[in-house]
Amino acid sequence: MANDVAILGVGMHPWGKWGRNFVEYGVAAARAALRDAGIEWRDVQFVAGADTIRNGYPGFIAGATFAQALGFTGAPVASSYGACASGAQAIDVARARILAGLCDVALVVGADAAPKGFFAPTGGDRPDDPDWLRFRLLGATNPIYFGLYARRRMEAYGATELDFANVKLKNSRHGYTNPNARYKKLFTLEEVLESALVSDPLRLLMICATSDGGAALVLSSMDYARRHSRNAVRIAGVSTVTPRYPNTLIEMPNFATDSAAVVSPPDVGFRDSIARAAYEQAGVGPEDVDLAEVYDLSSALELDWYENIGLCKPGEAERLLRDGDTTIGGRVPVNPSGGLACFGEAVPAQAIAQVCELTWQLRGEAGERQVAGAKLGVTANQGLFGHGSSVVVKR
Amino acid sequence: MAQAAQKTRVPAIEGWFRMDAAAPCLIGSRCLSCGSLFFPKEAAFCRNPDCSGSEFEPVELSRRGKLWSFTDNRYPPPAPYVAPDPFEPYAIAAVELAAERMVVLGQVVRGVGTERLRAGMEMELVLDTLYSDDAHEYVIWKWKPVAA
């Protein structure tokens, strides 16, 4: 396809709580991706960094930070922030440069060093910032929003605490041998169901942790990939859509949904529109998907994504899970990497890490967690303040 | 002998709700060009993509709605939330206002835990204390089941 770009190389720094500077994780991931691509740093013509907002100024200008750490070569840079969707934004910027013919090969890097515990808003007294106000006036942490979605599934579709626990168990079975995962542990049902209730109905082991980690991609034009005689996996679609007004689902960090009293809601809701835009670019549909990496910020949220990316109709996600369809070996495995359940979230690296996993899967290099015969995968993710993120990767 | 001074009740945020304990309500805004409603209120620009309105009037939102979903905080949220010590868990509700076709979050009144909540329940807006200091009691809106 004319709009494809090649994934020449992928690399990650393992997720964890390493207590080091985020730049180290980004550089390690970048060097791994360059090695995997078989090119030198000096061959890179463009650097796209995904920003972190919790690591001072170097985090706000991540593209330049990583380029300087690798050694400034004069290559142009861009730095993107889209909350949890920052990685997809960086991928999209690099892809656009390549497709516009402005460069042949680009490096995409995201890395984070995350604080322990609840994410809190950035400091100061800022009563005009909804992200500050939601903590101040409601105490609405991120798990509060996850809890609302989880309880809604229970009330509307009959999801159970056991379903949520089983998502966690599935992902821990998928990911416990993943060398880049933080939690290399096979959790038991008892451990999950006996872990502390954080935001009813979600327990500690159903909510993703915050992690350190880094991920990187070397992207190139299809011509460049052919000249490097690499039969590369390719990116066929990148979605960075925003919601369409009025968005009728309560979203982080908002106090309320948009009102649909005057303007009718769009036919396709925001979350459903995210992967759809990537499918359309790639000329495929959900029926073509062999595997998916979705954002399991909570175990319950993974079930929402089954529906949002079109693997089933609304209300059918629990059946998909119970039937084993989304387990490796099933019809369409979801989060073969282990997902956020095994990684925890390293915000700007996560959407890039999803693409690393799909690349290994489509190359047949995923080892014990290999999805047999995978030809096409999709990622899905969402960043607060209206950032969609979805990438279609194909062989 | 010094007498304990009566604390002054002040809104935890100015202009978001009517400080009337008997009939409180949230205050949003309506775009004078297209009629779209917003909460929290917009004052400078209309978020309807087909409207460039810049003038708004205040609008009082419905005081009752149906519970869309709910959850709770079992652990103290981080600052800037002012959490009492010892911390007391509390529920948070998302309530759908029929006329406004809008879902609005709010804490649930003290003493009503998630075990007493069900989607579809009728909920009513009330005023309650968010936190206090030596001189002030900071007031916020909360949701309360009508049947409670």
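Let's start with helix 5 of chain A, residues 130–138. Seven of its nine residues are buried, so this helix is largely enclosed by the rest of the structure. Buried means 20 or more other C-beta atoms within 10 Å of the residue's own; exposed means 12 or fewer; partly exposed is in between; C-beta atoms are placed from the backbone. Helices (H or I, at least four residues) and strands (E, at least two) are DSSP runs, numbered from the N terminus.

A quick word on the model. It is predicted, so local features need pLDDT of at least 70 and side-chain atom pairs count only at pLDDT 80 or more, while totals for chains, interfaces and linings use all residues. Residues are numbered from 1 along each chain as its sequence is written, and chains are lettered from A and ligands numbered from 1 in the order in which they are written.

Back to the helix. Its buried residues are A:Trp132, A:Leu133, A:Arg134, A:Phe135, A:Arg136, A:Leu137 and A:Leu138. What covers them? The cover includes four strands of chain B: strand 6 (90–97), strand 7 (102–108), strand 8 (122–132) and strand 9 (136–145). After helix 5 comes A:Gly139, with a positive phi near 65°.

Next, the domains of chain A. Domain 1 takes 5–117 + 212–235, and domain 2 takes 130–207 + 237–394. These bounds come from an automatic or database domain assignment. The two centres, taken over C-alpha atoms, are 23 Å apart. Domain 1 puts 35 residues into the contact, and domain 2 puts in 34. Contact here means C-beta atoms, placed from the backbone, within 7 Å. Which element gives the most to the domain 1 side? Helix 4 of chain A does, with seven residues. By class, that side has 20 nonpolar, nine polar and six charged residues. Nonpolar covers Ala, Val, Leu, Ile, Met, Phe, Trp, Tyr, Cys and Pro; charged covers Asp, Glu, Lys and Arg; the others, Gly among them, are polar.

Now the backbone. Most residues other than glycine have a negative phi, and most peptide bonds are trans. Look at A:Asn335: phi is positive, near 55°. This residue sits in the loop between helix 12 (317–322) and helix 13 (339–343) of chain A. Buried or exposed? A:Asn335 is buried, with 29 other C-beta atoms within 10 Å. B:Arg101 also has a positive phi, near 45°. B:Arg101 has 19 C-beta neighbours inside 10 Å, so it counts as partly exposed.

Last, chain B has a cis bond between B:Phe39 and B:Pro40, omega about -10°. Another cis bond joins B:Ala79 and B:Pro80, omega about 15°.

Technical notes. Contact = placed C-beta atoms within 7 Å.
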